[in-house]
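This briefing walks through selected features of the structure shown below.

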Amino acid sequence: MEEKNVAKPVDAQIEVSVSGNKMSCSVIIAPPENGGAAPTCESIRAALAQMGVGYGIDDDAIERLAAPLYNTNVTVATGLLPENGEDGTVTELFPREKKPVYKEDRHGNVDYKNLGLITEVKAGMGIVDLTQPTPGTPGTDVFGREHAQKGGQMPRVPMGKGLALSPSGQRVEAACEGNLVYYDNAFHVETTYRVPQVDLDVGNITFSGDVVVDGDVLDGFEVKSGGNVTIHGNVGAANVSAAEKLMVEGGVNGGSGAAAFLEAIVVEAVYIENATVHAGQKLVAAAITNCTIECDGDIEVTKQKGQVCGGRITVYGSMNALEIGNDSNALTTIAMGVIPRYIDEKKKKNDQLAAMTSHIEELEKDWKFIERMVNMGQKLKPDHEAKYKRLKMQMPLCKKKKELLEAEIDALDEKMRPNENTVITAKKMYPPVRISFGRENATASDEMSNVRVYRNSEGTISFGMM
């Protein structure tokens, strides 16, 4: 008897494929034949494990395939793509370029001198805002292997000298007080402001730090510094003040209107003509002509010509010159051992004290009037009641202000005591030279050599020999 050919059973065929970037895995199942075994969740997982796939497996997809689902490509595992970081950002809070600003008043007049070319910044002030780059997040493929991400990049930060990064890293700050400038692709804070000369292109200067002028300061302009001022040229009919030292390597001439004004703790110039000068400690020059000088310290005019001629000189310390006056008999007036500004200040304080005293007297009259009504048992009207309350507050405050003014005046009196040690010396003194020391006055009517002017033990002014 002939045997029949019986087909062998073939189990369902599970085919696993992985994408090129290894971030996706799919399964397609061919159906079983001749009574072969159908797929199960376990057989599908075993096929994945045999391929090494173990990350991001979708259990629901496997269950759908084991339902069964044949001849359909189904994604059964998905990796996690890497997330690249974001780039940082740089936001500049100030313009890079400075342009003059011409302001116009309500009458249509244009200001050509205050141009706003200095950008004054304080320590801690924000110059550039920053957002830092983020690192991003690494990815994982279906085999469980990590895929590196790209971190964000930080653009170039325009941070130059005088700047610092804030503790948070979120901004660039000024590390000191100064002028904010931009050059060489970065912001900088400079503590010295330097210009070729002070004219219509530069305008007036007001700056907290040092100022250097390589040329001249022209008529009608102003330079104000919270530090030192150095002028390599000359100063015309201009105002120049420094909180510390003012040095003019050339000369100063305020013209016929004596319009130049200089003020600093120490003032130095080759020559000074037709100017007003306030020196807190020292004034040094080779020549002083027709000036109003107030010096709280010493005056030295001993180089080159070394001449002081004309004008009015007030010196608290000593004054040393080669020549005082000239042979043309120009009057030179010198006040020794006093500080004029204290006199002006005391006058203002006395005026304030007189006004305050008068005000207190008026308040006391009102006070006594209302007190009398109260003591007589009269009921105060609303306006009197309100005034009574105001007087109770005002009286103590005004009396306190009066006491403070009196104390300030006493302090000024102490400062105004004449300096008994003040001395004037000169190799040559030409008449007339009018000299005062407090209430004492004397005039040099004759030409003298090697003269020394001082206050003697009797309190009078003496002309002696050096």
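**Sheet, helix and cysteines**

Glu-120 stands opposite Asn-179, a residue of strand E15. The model is a predicted one, and this pairing of positions belongs to an open sheet of three strands, arranged in the order E8-E15-E16 with antiparallel pairing.

**The three-stranded sheet**

- The edges of the sheet are formed by strand E8 (120–121) and strand E16 (186–190), each of which pairs on one side only.
- Between E8 and strand E15, which covers residues 178–183, the pairing is antiparallel and runs over two bridges.
- In general, the strands of a sheet pair through backbone hydrogen bonds, in either a parallel or an antiparallel sense.

**The surroundings of Asn-179**

- Asn-179, placed in strand E15, is buried, with a relative accessible area of 2%.
- Leaving aside residues up to four places away in sequence, Asn-179 touches Lys-98, Ile-118, Thr-119, His-188, Val-189, Glu-190, Tyr-193 and Phe-207.
- With one of these residues, Lys-98, the side chain of Asn-179 makes a polar contact of 2.8 Å.
- Asp-210 lies 31 residues from Asn-179 in sequence, and the two are 10 Å apart in space when taken from C-alpha to C-alpha.

**Helix H4**

- Helix H4 spans residues 382–415, a run of 34 residues, and reaches 50 Å from its first C-alpha to its last, which is close to the 50 Å expected at 1.5 Å a residue.
- At Gln-394 the helix H4 bends by about 25°, and a proline, Pro-396, follows within four residues.
- The buried residues in H4 are His-384, Tyr-388, Leu-391, Met-395, Cys-398, Leu-405, Ile-409 and Leu-412.

**Cysteines without a disulfide**

- The count of disulfides in the model comes to zero, and Cys-25 is accordingly in no disulfide, with the nearest cysteine sulfur, that of Cys-41, 15 Å away.

Terms used. Residues numbered from 1 in each chain as written. Predicted model: local features only at pLDDT ≥ 70, side-chain atom pairs only at ≥ 80, totals over all residues. Heavy atoms only, no water. Expected span 1.5 Å × (residues − 1). Bend = angle between axes of the 7 residues up to and from the residue. Buried < 20%, exposed > 50% of the residue type's maximum accessible area, 1.4 Å probe, protein only. Pairing = 2+ DSSP bridges. Contact = heavy atoms within 4.5 Å. Polar contact = N/O pair within 3.5 Å; in protein donor to acceptor, adjacent residues only side chain to side chain. Disulfide = S-S within 2.5 Å.
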